[in-house]
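Trainee: Could you walk me through this structure before I try to describe it on my own?
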2 protein chains.
Amino acid sequence: MPKKPDDRRMRAWESMLFAHTALLRQLDHDLAEQFDMPLPWYEVLLLLYRAPCRRMRMQELGERLVFTPSGMTRLIDRMAEAGLVRREECPSDRRGKFAALTDEGVARFREAGPVHLKGIQEHFGRHVSDDEADVIGDALGRVLDRLRS
Amino acid sequence: MPKKPDDRRMRAWESMLFAHTALLRQLDHDLAEQFDMPLPWYEVLLLLYRAPCRRMRMQELGERLVFTPSGMTRLIDRMAEAGLVRREECPSDRRGKFAALTDEGVARFREAGPVHLKGIQEHFGRHVSDDEADVIGDALGRVLDRLRS
DNA sequence: ATTAATTCCTTGCGTTCGCAACTAATTTGG
DNA sequence: CCAAATTAGTTGCGAACGCAAGGAATTAAT
């Protein structure tokens, strides 16, 4: 009996659901243990590091990281408390705020980055071929694009 | 300049990370709205529905769903409160407890199941080809297996 | 057999995050 | 212009989950 198409997609969904949870827990645990930095902090640092002037608007961050506005506020609160980012006013729209990397934030990112990448390779990349990685990136990228709109 | 292998995997990982979050939020929202049932409840009902005697040990559930023991206890607490499952003693090992589907739980699963599957198709399956689904299922299945051990 | 180590589950506690409600700033329509 | 609608961000609140600790049953070791 051939597999129904829906079964193949259900399997993909279930794998993704549980692999994500397990992977995230592992990576977050490693990062927290070695650098006292939860995974979402790293994701923020990464985005800010590559952004112009190393700063981004709260809303943009929330969209990219799939956080609600309130979640983003609290996340940046904690990172600012820890000295990794600071809030800056937006001159062109006085409702808006930037989250901007501090020097400390840059330093912490450069410190944690390589180790974190190694963790991803160890727990994820190691088990995925080049072609599989492309397929996953393409397919889930499409899924994500649709959900954001 | 050809892409470094690590970049391809990083892209796959980032897609998975954010697609999962967005997808889970959407599906959970739909399920909660229509059936007053968070997504983890559905996952429990699904496993129990297919299990022998429609019951499973707490530990087995936690492993399958990537929950810690305490998380599992609380989850089953809430579902028992809602009348979807009940706890049963394990005769062969008096430390262990079963979570067993109630008739109400069976009914609610049969009710919510089709709609939930439709949501997965709508937000996920729709954007993924048969072959891609297989690749995702295989690759992330391997990742998950490694992380569980 | 008795003690030690392990396993299964639960509970106290703290953290994180989303929703709804709110304030302030900007844009839109009349 | 000015009022209404929209948008950016923050806050109160509650729900969910993980960690550490603990209690009870089982298994292992001497």
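This is a predicted model: local features need pLDDT of at least 70, side-chain atom pairs count only at pLDDT 80 or more; totals for chains, interfaces and linings use all residues.

Trainee: What share of chain A is buried?
Mentor: Of the 149 residues in chain A, 35% are buried. As for contacts in chain A with a separation of 6 or more, 48% of them are between residues 24 or more positions apart.

Trainee: Now the sheet of chain A, please. In what order do the strands come?
Mentor: The three strands form an open sheet in the order β1-β3-β2, and the pairing is antiparallel. In general, strands of a sheet pair through backbone hydrogen bonds, which can be either parallel or antiparallel.

Trainee: Why is one side of β1 and of β2 in chain A left without a neighbour in the sheet?
Mentor: Because β1 (55-57) and β2 (85-89) of chain A stand at the edges, each has a single partner strand, and so one side of each is left without a neighbour in the sheet. Neighbouring strands of this sheet are turned by 30° against each other on average, with direction ignored.

Trainee: How many bridges join β1(A) to β3 of chain A?
Mentor: Three bridges join β1(A) to β3 (residues 97-101) of chain A, and these strands run antiparallel. If you want a place to look, Met56(A) stands opposite Ala99(A) in β3(A).

Trainee: Which helices pack on that sheet?
Mentor: Among them is helix α3 (residues 58-65) of chain A, which touches β1 and β3 of chain A and whose direction makes about 85° with that of β1(A). Helix α4 (residues 69-81) of chain A lies across β2 and β3 of chain A, running at about 115° to β2(A).

Trainee: Switching to chain B, what does the sheet look like there?
Mentor: In chain B, three strands form an open sheet in the order β1-β3-β2, with antiparallel pairing, and the twist averages 30° from one strand to the next.

Trainee: How many bridges hold β2(B) and β3 of chain B together?
Mentor: Five bridges join β2(B) to strand β3 (residues 97-101) of chain B, and the two run antiparallel. Within that part of the sheet, Glu88(B) stands opposite Phe98(B) in β3(B), while Arg86(B) stands opposite Ala100(B) in β3(B).

Trainee: What about the pairing of β1(B) with β3(B)?
Mentor: β1(B) and β3(B) pair in the antiparallel sense over three bridges, and here Arg55(B) stands opposite Ala100(B) in β3(B).

Trainee: Let's look at where the chains meet. How many residues of chain B are in contact with chain A?
Mentor: In chain B, 41 residues are in contact with 41 residues of chain A. The elements that give two or more residues to this side of chain B are α1 (5-35), α5 (103-123) and α6 of chain B.

Trainee: Which of those gives the most?
Mentor: α1(B) gives the most to the side of chain B that touches chain A, with 17 residues. By class, the residues of that side divide into 21 nonpolar, ten polar and ten charged.

Trainee: At what angle do the two α6 helices cross?
Mentor: The axes of helix α6 (residues 130-148) of chain A and helix α6 (residues 130-148) of chain B come within 10 Å and cross at roughly 115°, and the crossing is left-handed.

Trainee: Which residues make that contact?
Mentor: Glu132(A), Val135(A), Ile136(A) and Ala139(A) of α6(A) make the contact with Glu132(B), Val135(B), Ile136(B) and Ala139(B) of α6(B). Sorted by class, the contact has six nonpolar, no polar and two charged residues.

Trainee: One last thing, how far does α6(A) reach, and which of its residues are buried?
Mentor: α6(A) has 19 residues and reaches 26 Å from its first C-alpha to its last, which is close to the 27 Å expected at 1.5 Å a residue. Its buried residues include Glu132(A), Val135(A), Ile136(A) and Ala139(A), and also Leu140(A), Val143(A) and Leu144(A).

Note on methods: Residues are numbered from 1 along each chain as its sequence is written. Chains are lettered from A and ligands numbered from 1 in the order in which they are written. Axes are lines fitted to C-alpha atoms, for helices over the stretch in contact, and angles run from 0 to 180 degrees between N-to-C directions. Helices (H or I, at least four residues) and strands (E, at least two) are DSSP runs, numbered from the N terminus. A crossing is left-handed if the near helix is turned anticlockwise from the far one by less than a right angle, and right-handed if clockwise. Two residues are in contact if their C-beta atoms, placed from the backbone, lie within 7 Å. Ala, Val, Leu, Ile, Met, Phe, Trp, Tyr, Cys and Pro count as nonpolar, Asp, Glu, Lys and Arg as charged, and the others, Gly among them, as polar. The expected span of a helix is 1.5 Å times one less than its number of residues. A residue is buried if 20 or more other C-beta atoms lie within 10 Å of its own, exposed if 12 or fewer, and partly exposed in between; C-beta atoms are placed from the backbone. Two strands pair if DSSP finds at least two bridges between them.
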